[in-house]
Amino acid sequence: MDLVLSIADYYFFTPYVYPATWPEDNIFRQAITLLIVTNLGAYILYFFFATLSYYFVYDHLLMKHPQFLKNQVSREITHSVQSMPWMSIPTVALFLLEVRGYSKLYDGIGEFPYGWFQLVASVLSFLFFTDMLIYWIHRGLHHRLVYKRLHKPHHIWKIPTPFASHAFHPLDGFLQSLPYHIYPFIFPLHKVVYLGLYILVNIWTISIHDGDFRVPQLLKPFINGSAHHTDHHMLFDYNYGQYFTLWDRIGGSFRNPSSFEGNGPLNYVKKMAEEKHNSHGGNGYKNEKLFNGECTKTE
């Protein structure tokens, strides 16, 4: 985050906001700047990508499902907007530690003997490491001692939209993001890669709340997509993973998505619509016969 901090200071905070006497490396100034930048970035990411997903990916037929709540989209947005500033406080504390040099983030590819190979390996390592920790944190949040207070607010949305992606209790949201912040304190990671991954995981979080979206056939056994996560919202005890199905399979919580089997929420809505259409069509045919004198009173 020191890259973001430097850019924000250079183009905005130093010349226009803070007094010249306040050094850029002052810890209080850094904390304030990080708090502003983190919240602004979170809102931009959330509204931009959730809106794109909602209008171009999410199937609005799902909104006709009986478990879709009244005014749900506006409630999801309100919940997210209110939660994100509180989530950002402990997040900024970790960003501050990174900026102050306590992490293993680095600038140059040449700082490590394996260069680009190590950079690519670190991306894969980041994904598998965070997926493992998120699985156990998420599963722990379903424990009866903490579920009602922390994680239940996110499960209000049985048929979530992309706007539900950040609608968490603040502590719940922070705990599930914690693995992303732990990684660079344990393993070396390039600063630009870390920033890119942080953006991508937020986009991924939005994408797995877009309903019945299917992953490519080749990846179905491995990727935990929105079909898996939709079942998690509806059935509670399955598919806790973030990116992959690996830990759900190891932990015995994997469930093949109902949409892959033709009986997911979207299938249900389409079936109800078809039955309603057929019912109306049948009545229309009968009325037409009566109008043409083709049906007797006994019929």
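Predicted model: local features only at pLDDT ≥ 70, side-chain atom pairs only at ≥ 80, totals over all residues.
Local features need pLDDT of at least 70, side-chain atom pairs count only at pLDDT 80 or more, and totals for chains, interfaces and linings use all residues. Residues are numbered from 1 along each chain as its sequence is written, and side-chain values use heavy atoms, leaving out hydrogens and water.

View 1. Helices (H or I, at least four residues) and strands (E, at least two) are DSSP runs, numbered from the N terminus. In sequence order the pattern reads α-α-α-β-α-α-α-β-α-α-α-α. The C-alpha trace spans about 95 × 45 × 40 Å along its principal axes. The radius of gyration, taken over C-alpha atoms, is 24 Å. A compact globule of 299 residues would come near 19 Å, by the rule of 2.2 Å times the number of residues to the power 0.38.

**View 2. The chain surface and interior.** Accessible areas come from the Shrake-Rupley method with a 1.4 Å probe; for residues, only the protein chains shown count as cover. Of the 299 residues, 43% count as buried. Buried means under 20% relative accessible area, exposed over 50%, and partly exposed in between. Among contacts with a separation of 6 or more, 71% join residues 24 or more positions apart. Contact means heavy atoms within 4.5 Å.

**View 3. Residues 124-252 carry a UniProt annotation.** The unreviewed entry names the feature "domain: Fatty acid hydroxylase"; such annotations may be inferred rather than shown by experiment. This stretch is 57% helix and 2% strand. Its end C-alpha atoms lie 24 Å apart.

**View 4. A nonpolar surface patch includes Leu52.** Leu40, Ile44, Phe48, Leu52, Tyr55, Phe56, Val57 and Phe213 make this patch of about 880 Å². Like charges are joined within 9 Å, and nonpolar side chains (Val, Leu, Ile, Met, Phe, Trp, Tyr) within 5 Å. Leu52 is partly exposed, at 35% relative accessible area.

View 5. Beyond neighbours within four places in sequence, serine 53 contacts Tyr58, Pro162, Ile206 and Asp210. Tryptophan 86 is 33 residues from serine 53 in sequence and 25 Å away in space, C-alpha to C-alpha.

Key:
Patch = residues over 30% accessible without salt bridge, like charges linked within 9 Å, V, L, I, M, F, W, Y side chains within 5 Å. Salt bridge = Lys/Arg side-chain N within 4 Å of Asp/Glu carboxyl O. Buried < 20%, exposed > 50% of the residue type's maximum accessible area, 1.4 Å probe, protein only.
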